[in-house]
Amino acid sequence: MTSTDIDAARLTLALNELRLPAIKALWPRFAEQADKEGWRAARLLNALVEHELAERDRRRIERHLAQARLLPGKTLDSFDFNAVPTLSKAHINAITAGDSWIGNGNNILLFGPPGVGKSHLSSAIGLALVENGYRVLFTRTTDLVQKLQQARRDLVLEAAIAKLDKYHLLILDDIAYVTKDQAETSVLFELISARYERRSMLITANQPFGAWDTIFPDPAMTLAAVDRIVHHATIFEMNVESYRRKAAVKAKGPGRPPKQASAADFNPD
Ligand code: ADP
Ligand code: MG
């Protein structure tokens with residue numbers, strides 16, 4: 001029996017209805033090749049199904065990438081690990097496999113002054129995780145806090161926090177930028193408590209824990225929040241010189257050194 005013996009139009013419609021777009025697109029060509037090369041029926045079926053599955057994975061990752069709101073162009077490949085000797089590339093690569101740390105809702109903390117690549121690295125980790133099948137949301141902490149505060153005013157805070165459960169990893173960029181008035185309603189504390197030991201967070205901060213008392217309404221809550229965050233956390237310190245500033249110095253050349261230039265600024269490479 002050849003493909004001409006069936007009602008091709010009806011088959012295409014049926015594949016549409018079954019939501020099998022890859023098979024729908026590929027079957028005429030595959031069937032022709034199978035006829036020509038004498039494939040066994042099972043081989044044809046298998047080839048079509050495999051393509052449908054691969055296409056479905058691709059579409060899912062594409063959807064998750066759009067939802068993740070990652071920073072464009074920030075990848076692990078474009079991250080210069082030599083600039084941050086305290087970071088092990090192998091360790092970061094292991095993290096992007098996800099597995100147990102994400103399964104257990106463990107956290108990651110990236111500390112360092114402005115410009116050292118915290119946002120770049122966290123977005124790049126998010127990208128690698130999405131590519132590995134996880135769901136991620138990257139957000140500036142202040143933006144998320146604003147949304148959660150609105151949810152609280154609308155009396156749907158619990159639901160809003162529960163909605164974030166679909167993300168295996170929530171990347172809270174610049175937690176220390178939460179302002180005093182944002183801190184007052186403590187939605188951030190409720191988020192942290194809700195995710196504790198269930199869902200992971202990657203938090204970046206340019207301030208060590210000691211300076212976090214402006215993020216939460218009172219010292220007791222700060223302590224409780226920090227306690228939950230660090231309980232199962234991997235902490236990376238990125239205490240290097242600003243990559244931005246270094247790049248600017250390189251672009252200008254050694255003719256106009258910045259105020260606090262060090263010998264390292266003028267590496268000829
Ligand atoms: P932070 O979030 O710590 O303030 P960013 O991630 O915004 O720093 O980095 C500032 C700029 O420098 C970005 O354009 C980023 O891509 C770049 N950058 C920082 N560190 C690195 C690095 N190690 N390798 C490549 N680019 C970097
Ligand atoms: Mg940043």
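Asn107 counts as buried, at 7% relative accessibility. Buried here means under 20% relative accessible area, exposed means over 50%, and partly exposed is in between, with a 1.4 Å probe and protein chains only. Before I go on: this is a predicted model, where local features need pLDDT of at least 70, side-chain atom pairs count only at pLDDT 80 or more, and totals for chains, interfaces and linings use all residues. Residues are numbered from 1 along each chain as its sequence is written, chains are lettered from A and ligands numbered from 1 in the order in which they are written, and side-chain values use heavy atoms, with hydrogens and water left out.

Back to Asn107. This residue lies in strand 1, residues 107-111. Helices (H or I, at least four residues) and strands (E, at least two) are DSSP runs, numbered from the N terminus. Which backbone oxygen does the side chain of Asn107 reach? That of Ile229, at 3.0 Å. I call that a polar contact: a pair of N or O atoms within 3.5 Å, where within protein one must be able to donate a hydrogen and the other to accept it, and residues adjacent in sequence count only if both atoms are side-chain atoms.

Now the ligand. Around ligand 1 there are 15 residues, and Lys74, Asp80, Gly115, Lys118 and His120 come nearest. A residue is near a molecule or strand if one of its heavy atoms lies within 4 Å of it. By class, the shell has 6 nonpolar, 5 polar and 4 charged residues. In that count Ala, Val, Leu, Ile, Met, Phe, Trp, Tyr, Cys and Pro are nonpolar, Asp, Glu, Lys and Arg are charged, and the others, Gly among them, are polar.

For Val116, a polar backbone atom is 3.2 Å from an oxygen atom of ligand 1. For Gly117, a backbone N or O atom lies 3.0 Å from a ligand oxygen. For Lys118, an N or O atom in the side chain is 2.8 Å from an oxygen of ligand 1. Taken alone, ligand 1 exposes 560 Å², and the protein buries 84% of that. Accessible areas come from the Shrake-Rupley method with a 1.4 Å probe; for residues, only the protein chains shown count as cover.

Which elements give two or more residues to the shell around ligand 1? They are helix 6 (118-131) and helix 12 (243-252). Helix 6 gives the most, with 3 residues.

Next, two residues with positive phi. Arg69, in the loop between helix 3 (41-68) and helix 4 (89-95), has phi near 50°, a positive value in a residue other than glycine. Is Arg69 buried or exposed? Arg69 is exposed, because its relative accessible area is 61%. Asp99 sits in the loop between helix 4 and helix 5 (100-103), and its phi is near 55°, again positive in a residue other than glycine. At 51% relative accessibility, Asp99 counts as exposed.

Last, two buried residues. Trp212 lies in the loop between strand 4 (200-205) and helix 11 (219-231), and counts as buried because its relative accessibility is 0%. Ala34 is in helix 2, residues 21-37, and is buried, with a relative accessible area of 6%.
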